[in-house]
Amino acid sequence: MTLPMPGTAVAGNLATTGQTDRSAGRTIGELSAPVPQVDAADAVSLVERIFREHPQLRAVAVVGLEGPPALLSRSSLERQLSGRLGYGRALLSRAVAGDVVDAHSLRVDADLPLRDAAGMLLAQREWLRDDDVLVLHQDGTTGVASVAAIFREIGLVYQEIAMRDPLTGLPNRRMLDEHGTRLLATGTDPARVAVLYADLDGFKQVNDTLGHKAGDELLVAFARRLDGCVRPQDLIGRLGGDEFAVLLTDIDPEEATAVADRVVVAAQEKFTVEDHRVEVSASVGIALGSELTGDEPVYGVLDELLERADRAMFRAKRAGKSRVARWLRVEEAGAPGRRATLRRRLEHAIAHGDLHLHFQPKLDLRTGRVESVEALLRWTDEELGVISPGEAIPVAEVTGQIVALGEWVLRAACAQARAWQDAGRDWAVAVNVSPVQLAEPGLPEQVLAALEEAGIPPRLLQVEVTETAAIADLPLAIEQLHRLQEAGVSVHLDDFGVGYSSLGRMRSLPVSTLKIDQSIVSRIDSDEADAQLLSGVIKAAHTMGLTVVAEGVERTSQLDRLRELGCDVAQGYLISRPRPAGELETAP
């Protein structure tokens with residue numbers, strides 16, 4: 001069989017990255033619907049009759065003008081006929097189509113790429129953004145495309161990129177999360193769900209001896225073999241490095257074990273990479289939904305299964321590798337107890353100051369200076385050890401402790417901003433706000449109280465939010481964000497390109513900054529299509545007066561490309577890893 005080269009998506013029951021590339025190359029002509037043409041000398045009454053006889057017709061194209069055709073929409077004609085103190089129809093009784101057409105209506109060639117069309121729309125006056133666009137085809141025919149459809153298509157392109165691993169084309173962790181949550185929320189029985197966690201044994205040696213290109217080729221080849229081990233309804237994802245997960249649905253324990261066994265056997269066959277025959281193996285952990293306690297919220301089921309499958313995978317490695325291991329209730333009896341302990345210890349940590357913050361700098365690409373940082377929660381508990389934010393925050397959201405935790409983060413971040421200001425560093429500090437916090441009244445008051453307590457101006461605080469379906473009360477969230485902006489606090493839309501964020505939606509959100517998710521940034525130095533997609537977003541954001549921050553910058557080549565594309569700010573390990581405030585103060 002021919003191995004796909006790095007960057008090529010695997011086939012089978014999974015969508016490929018090629019679909020993303022085709023979507024990115026779509027033109028506005030593909031979205032347009034044909035509309036009839038009328039001559040500029042035709043009477044307005046004739047155009048009115050056309051609209052009356054065709055109730056579904058939104059617009060006509062007016063030809064015979066001095067310039068190119070222009071759009072005359074039903075709504076525009078109705079406004080003119082009913083306007084002028086009610087005398088519009090009488091005043092226009094002898095008018096012709098050329099008299100009432102809007103000379104400023106937007107017209108585009110049918111072969112214009114969608115991302116360029118979106119940029120043009122965002123550059124128009126506010127009233128024009130909600131109108132249709134006249135599309136001119138090479139054969140002389142005309143069509144109309146709705147602005148909403150254009151933004152919807154562009155949003156789907158970015159969502160697809162953000163949901164897939166750029167190397168293998170497999171779903172990433174976010175897509176697994178969303179797919180699993182959607183299945184469970186729509187009635188899938190958790191007892192008939194299982195998760196496999198597969199890790200390649202010996203992968204590091206391939207990377208070290210043959211190079212990263214060979215390692216990438218091996219990962220793509222293993223992804224293809226994984227695809228051959230599962231059923232059409234199962235979902236394979238790459239979690240990072242040489243770690244893969246498989247979400248199995250409508251399955252019993254014996255069937256799940258059979259799939260895991262097939263994965264182990266498939267990995268044992270030699271791989272050909274870079275013209276070399278290499279041997280690796282796979283250790284696979286299994287976690288079964290039938291063994292859940294039943295008290296997990298829907299959106300926590302997949303996280304719990306992944307954690308258990310991960311532990312089972314390590315058990316398989318300790319037992320000798322190239323084998324399957326299951327999560328065992330007896331051996332892991334502390335897992336449910338850990339969650340209960342975490343809830344108790346979190347309350348203690350908030351009350352007694354056991355939490356602390358690390359800060360990751362954000363580099364202004366125009367000045368070359370760090371002018372802001374992002375605050376990130378860190379917690380090491382004397383009973384539980386190191387607790388990641390990914391473990392602590394979901395628990396806090398379920399128990400309601402997120403409000404108190406968020407208040408602690410706000411106060412600590414503001415206090416640090418004041419300390420830096422006193423030391424001569426005018427750094428703004430960004431804090432992440434949970435969707436649960438946004439859905440609770442009182443967030444603006446909490447933020448302003450923290451600013452007043454620290455004695456810092458609102459410009460030194462940035463609030464980062466993620467637009468997701470988890471926001472239970474979106475109108476309340478938007479109202480609270482408006483109030484924060486009115487008070488002088490910057491609002492940033494985090495993880496743009498993921499889930500529900502879209503170019504269309506961001507126009508209605510009260511934000512000043514757009515943070516591009518690292519899944520979109522990851523390939524801009526190696527894939528020109530991704531770079532052009534990002535360029536379109538940056539131009540659109542700038543047209544709306546938004547600042548653009550690129551997350552996950554890890555290579556100098558990415559940073560150079562971001563500068564070329566006009567990005568404003570970069571954040572990532574290349575600039576700095578998150579560090580305690582004291583280490584940032586002494587950093588060059």
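Here are a few friendly notes on this predicted model, from the overall make-up down to two single residues.

1. **Ground rules.** The model is predicted, so to speak of local features pLDDT of at least 70 is needed, side-chain atom pairs count only at pLDDT 80 or more, and totals for chains, interfaces and linings use all residues. Residues are numbered from 1 along each chain as its sequence is written, and side-chain values use heavy atoms, with hydrogens and water left out.

2. **Overall make-up.** The protein has 23 helices and 23 strands (DSSP runs numbered from the N terminus: H or I of at least four residues for helices, E of at least two for strands). Of its 588 residues, 51% count as buried (under 20% relative accessible area with a 1.4 Å probe, protein chains only; over 50% is exposed, and in between is partly exposed). Among contacts (heavy atoms within 4.5 Å) with a separation of 6 or more, 70% come from residues 24 or more positions apart.

3. **Helices H2 and H3.** H2 (residues 44-53) packs with H3 (residues 74-82) at about 125°, the axes being 11 Å apart. Axes are lines fitted to C-alpha atoms over the stretch in contact, and angles run from 0 to 180 degrees between N-to-C directions. The pair is therefore oblique (under 35 degrees is roughly parallel, over 145 roughly antiparallel, 65 to 115 roughly perpendicular, and the rest oblique). Val44, Val47, Glu48 and Phe51 of H2 meet Arg74, Leu77 and Leu81 of H3. By class, that contact has five nonpolar, no polar and two charged residues (Ala, Val, Leu, Ile, Met, Phe, Trp, Tyr, Cys and Pro are nonpolar; Asp, Glu, Lys and Arg charged; the others, Gly among them, polar).

4. **Glu551.** Do have a look at the loop between strand S22 (547-550) and helix H22 (556-565), where Glu551 lies. Glu551 counts as buried because its relative accessibility is 12%. Its side chain makes a polar contact of 3.4 Å with that of Lys515 (N or O atoms within 3.5 Å, one able to donate a hydrogen and the other to accept it; residues adjacent in sequence count only if both atoms are side-chain atoms). Beyond neighbours within four places in sequence, Glu551 touches residues including Asp494, Asp495, Val521 and Gln571.

5. **Gln360.** Gln360 sits in strand S15 (residues 355-364) and is buried, with a relative accessible area of 9%. The side chain of Gln360 reaches the backbone oxygen of Ser576 at 3.0 Å. Setting aside neighbours within four places in sequence, the contacts of Gln360 include Val373, Glu374, Gln571, Tyr573 and Arg577.
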